[in-house]
Amino acid sequence: MTKFRLSASTVFTLDGNAVPCATSVTFNEVNDNFLSMCAGNTIKANVAGLGNITGSISGEVDAAGATTMGYIAVGTAGALVLRPTGATAAELDITSTNMQITSLSEAFSSTGLTTYTANFVCDDLTWGAVPA
Amino acid sequence: MTKFRLNSSSVFTLATNAVPCPTSITLDDAADDYVSNCAGLTNKAHILGMRTVSGSFSGEVDSDADTELAYVAKGVSGALLLQPNGTTGGDIKFTALRMLITGRDVAMTSTGLTTYTCTFVLDDLTRTSN
């Protein structure tokens, strides 16, 4: 078992374009949960509803990054490919047929690097493996 | 690839006046998000609506800065120009036709420098290169 982090081998693209200088990525998958409180129950029963897939990306902004920041502009949508440890067969391959950027914040400071945070939603999310 | 911070080359003006002594700037661009819960879906679908562009900036206050503080008073509006790494060709540049200061806080203390924070909204935002 090999633990990992984002690294120089990481592949992270949205609509075929590389997400610029990502430093962290978070996925949040949650189902609606409806409670049944029938008098006949001892414990409330749980009924799962629709899922909702969201997340965020943080990264650093390049001084000449106008084009690459455009790859994650609000409204950008397309296929997600995230291979956190690269393209080695059997390693994690996370995909979505449609990921949309819903917000983008950029922070400039005299005492730190310029960074961004983008929030996104996905229509679906598949946790697969890089094929042989 | 060159990472950068706000520095002595940074250009940050509102209605052509230099924003006084900025120490941090945040730009926030977010779209309305309408969620579809059709029974036939596995996951909710998202349809994006209009964007809201806003932000804030903080800076330090000079002891004789009444003129400069007026450049970032509540209600001031005008064109935004932000070249965070300066005017070098190819470096990132942000412009807006109209930026409006919506609020300003000024904080004075016996244990630190006097600072200000402004919040603003933008009617538009263009990210391009010098």
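This is a predicted model: local features need pLDDT of at least 70, side-chain atom pairs count only at pLDDT 80 or more; totals for chains, interfaces and linings use all residues.
Local features need pLDDT of at least 70, side-chain atom pairs count only at pLDDT 80 or more, and totals for chains, interfaces and linings use all residues. Residues are numbered from 1 along each chain as its sequence is written, chains are lettered from A and ligands numbered from 1 in the order in which they are written, and side-chain values use heavy atoms, with hydrogens and water left out.

**Exercise 1. Describe the interface of chain A and chain B.**

Step 1. Start with contacts, meaning heavy atoms within 4.5 Å. Chain A brings 34 residues and chain B brings 36.

Step 2. Turn to buried area, the accessible area (1.4 Å probe) that two parts lose on being put together, summed over both. The two chains bury about 3000 Å², and 54% of it is on carbon and sulfur atoms. In chain A, the residues that lose the most area to chain B are Leu50(A), Ala63(A) and Phe108(A), together 24% of what that side buries.

Step 3. Look for polar contacts. The term means a pair of N or O atoms within 3.5 Å; within protein, one must be able to donate a hydrogen and the other to accept it, and residues adjacent in sequence count only if both atoms are side-chain atoms. The interface has 20 residue pairs of this kind, both residues at pLDDT 80 or more.

Step 4. Find the elements involved. Helices (H or I, at least four residues) and strands (E, at least two) are DSSP runs, numbered from the N terminus. On the side of chain A that touches chain B, β4 (45-60), α1 (66-70), β6 (92-109) and β7 (112-122) each supply at least two residues. β6(A) gives the most, with 10 residues.

**Exercise 2. Which strand of chain B joins β6(A), and how do the two run?**

Step 1. Apply the rule: two strands pair if DSSP finds at least two bridges between them.

Step 2. Read the pair. β6(A) is joined by 7 bridges to β3 of chain B (residues 22-36), and the two run antiparallel. Within β3(B), Ala30(B) stands opposite Ser103(A).

**Exercise 3. How many salt bridges cross the interface of chain A and chain B?**

Step 1. Use the rule: a side-chain nitrogen of Lys or Arg within 4 Å of a carboxyl oxygen of Asp or Glu. Side chains of opposite charge can pair when their charged atoms come close.

Step 2. Count. The rule finds 3 across the interface. Over all chains the count comes to 6.

Step 3. Take each pair in turn. Lys44(B) meets Asp32(A) at 2.9 Å, N to O. Asp62(A) meets Lys3(B) at 3.1 Å, N to O. Asp62(A) sits in the loop between β4 and α1 of chain A, and Lys3(B) in the segment before β1 of chain B. Glu106(A) pairs with Arg127(B), with the closest N and O atoms 2.9 Å apart. Glu106(A) is in β6 of chain A and Arg127(B) in β8 (residues 126-129) of chain B, so this pair joins two chains.

**Exercise 4. Are these residues buried or exposed: Glu106(A), Asp62(A), Lys3(B) and Arg127(B)?**

Step 1. Set the limits: buried is under 20% relative accessible area, exposed over 50%, partly exposed in between (1.4 Å probe, protein chains only).

Step 2. Sort. Glu106(A) is buried at 2%. Asp62(A) is buried at 14%. Lys3(B) is partly exposed at 23%. Arg127(B) is partly exposed at 21%.
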